[in-house]
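The points are grouped by topic.

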Protein chains: 2
Amino acid sequence: MSDTHSLDALVQALRRLPGVGVRSAQRMAFHMLQHDRDGAQLLARSLQEAVTHVHHCALCHTFTEGEVCATCLDPRRDATKLAVVETPADQAALERTGAFKGRYFVLMGKLSPLDGVGPHDIGVHKLIDRASDGVVQEVILATNFTAEGEATAHVIGQALKSRGLVVTRLARGVPAGSELEYVDLGTIAHALVDRR
Amino acid sequence: MSDTHSLDALVQALRRLPGVGVRSAQRMAFHMLQHDRDGAQLLARSLQEAVTHVHHCALCHTFTEGEVCATCLDPRRDATKLAVVETPADQAALERTGAFKGRYFVLMGKLSPLDGVGPHDIGVHKLIDRASDGVVQEVILATNFTAEGEATAHVIGQALKSRGLVVTRLARGVPAGSELEYVDLGTIAHALVDRR
């Protein structure tokens, strides 16, 4: 219908959000126009602001508005340890533990050959430059324990080890609070192999 | 973190979309900034455009960019029949059947006293004005067959009948293509009562 051109365009634009199909997009568009026009304008401004101001940290590749992010600038952090994570959300999870005081490198993705995501796309060359600065002594691979995350850790680990760096991986094992009876066999097997 | 202010603001703005929690909002923000900045700018423009240009049809209350929507302006449609639906999506579903050639009134919601949505919020007074134009002979209540949709149909039906209008409701019954064995009892009971 030609008299709803900008509504149709909005539905199409909303569909570019991850996990949003045509029905969700319609529901979002109707909701914003019917009940929350302030929210729609706020979202429009926020998108523009974020696209204009947010870019990648020159050191760790995460999102920041400065040249270098706050974590990389913090002088209290241990510059000899570098944790490699897939996303800023994973970095935030590590931060919430309070158990890591080193620095980060955020891949902003994971190796996924089927989707055409190769080592260059996740900035492996930048990571190698970053880890070879002479200060970093240990690279901790904290990618996810999924098939892609494991493959990513393997590829990065090989590349870094061949340059003489110490590379470690987060321990696999039984999650805190769980009963062995209900833990999957692969996890128990790993916990046995990695026992200490 | 102060160096990700506009990213945080974007996540908060995305949470105002229906069905989007904090994790989905983060995933959407990361995805747009990492992989689809064009999409983010398109969405920002589309939101602005829609908020500026889309408003309610003066006759049927649906979304339109003109004074009156294309359906209401179409002279080939039967002005003696008026279907009352909850949303433009419901209207689109009726249109896809090709079985209705009359006009519409879109409530843009449903009665929901628990959420504070009363008759005034769904434009019942406008509907009464619209249906009392002297041309409309039959009002077909096509609200959903949910608890709220039924209550809405009941309230609207009472108000219209008291003004001497002919009011009908979509038939309840066994869906096309279904086997009785698998149809719920309430539906079969209604189909028995409404047998013809």
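B:Asp74 is buried, because its relative accessible area of 16% falls under the 20% limit. The model is a predicted one. B:Asp74 belongs to the loop that joins H4 and E3 of chain B, and its C-alpha atom is 24 Å from that of B:Gly109, 35 residues away in sequence.

**The interface between chain B and chain A**

- Chain B and chain A each bring 51 residues to the contact.
- Between them the two chains bury about 4800 Å², and 65% of this area is on carbon and sulfur atoms.
- Two salt bridges are found across the interface of chain B and chain A.
- B:Arg16 and A:Asp36 form a salt bridge through their side chains, with an N to O distance of 2.9 Å.
- Polar contacts between chain B and chain A amount to 18 residue pairs, with both residues at pLDDT 80 or more.
- On the side of chain B that touches chain A, at least two residues come from each of helix H1 (5-14), helix H2 (22-35), helix H3 (37-53), strand E1 (55-56), strand E2 (63-64), helix H4 (70-73) and helix H5 (88-97) of chain B.
- H3(B) supplies the largest share of that side, with 15 residues.
- By residue type, the side of chain B that touches chain A consists of 27 nonpolar, 14 polar and 10 charged residues.

**The nonpolar core**

- In soluble globular proteins, nonpolar side chains tend to be buried together.
- The largest nonpolar core of this model has 60 residues.
- The residues with the most contacts inside that core are A:Leu14, A:Leu17 and A:Leu43, together with B:Leu14, B:Leu17 and B:Leu43.
- B:Leu14 is in contact with A:Leu17 and A:Leu43 of chain A, and with B:Val20, B:Ala25, B:Met28 and B:Ala29 of chain B, when neighbours within four places in sequence are left aside.

**The loop between E1 and E2 of chain A**

- A:Thr62 is located in the loop between strand E1 (55-56) and strand E2 (63-64) of chain A.
- A:Thr62 counts as buried because its relative accessibility is 6%.
- Apart from neighbours within four places in sequence, the residues in contact with A:Thr62 are A:His55, A:His56, A:Cys57, A:Cys69, A:Pro88, A:Gln91, A:Val106 and A:Met108.
- A:His61 is found in the loop between E1 and E2 of chain A, and with a relative accessible area of 9% A:His61 is buried.
- The phi angle of A:His61 is near 80°, a positive value in a residue other than glycine.

- B:Val85 is part of strand E3 (residues 78-85) of chain B, and its relative accessible area of 1% makes B:Val85 buried.
- Although B:Val85 and B:Phe105 are 20 residues apart along the chain, their C-alpha atoms are separated by 6.4 Å.
- Residues up to four places away in sequence not being counted, B:Val85 touches B:Asp90, B:Gln91, B:Leu94, B:Tyr104, B:Phe105, B:Val106, B:Leu107 and B:Ala142.
- B:Met108 is placed in the loop between strand E4 (102-106) and helix H6 (124-131) of chain B.
- B:Met108 is not a glycine, yet its phi is positive, at about 55°.
- With a relative accessibility of 7%, B:Met108 counts as buried.

Conventions. Residues numbered from 1 in each chain as written. Chains lettered and ligands numbered in written order. Predicted model: local features only at pLDDT ≥ 70, side-chain atom pairs only at ≥ 80, totals over all residues. Heavy atoms only, no water. Helix = DSSP H or I, 4+ residues; strand = E, 2+ residues; numbered from the N terminus. Buried < 20%, exposed > 50% of the residue type's maximum accessible area, 1.4 Å probe, protein only. Contact = heavy atoms within 4.5 Å. Buried area = accessible area lost by both parts, 1.4 Å probe. Salt bridge = Lys/Arg side-chain N within 4 Å of Asp/Glu carboxyl O. Polar contact = N/O pair within 3.5 Å; in protein donor to acceptor, adjacent residues only side chain to side chain. Nonpolar A, V, L, I, M, F, W, Y, C, P; charged D, E, K, R; others polar. Core = buried A, V, L, I, M, F, W, Y, C linked by side-chain atoms within 4.5 Å.
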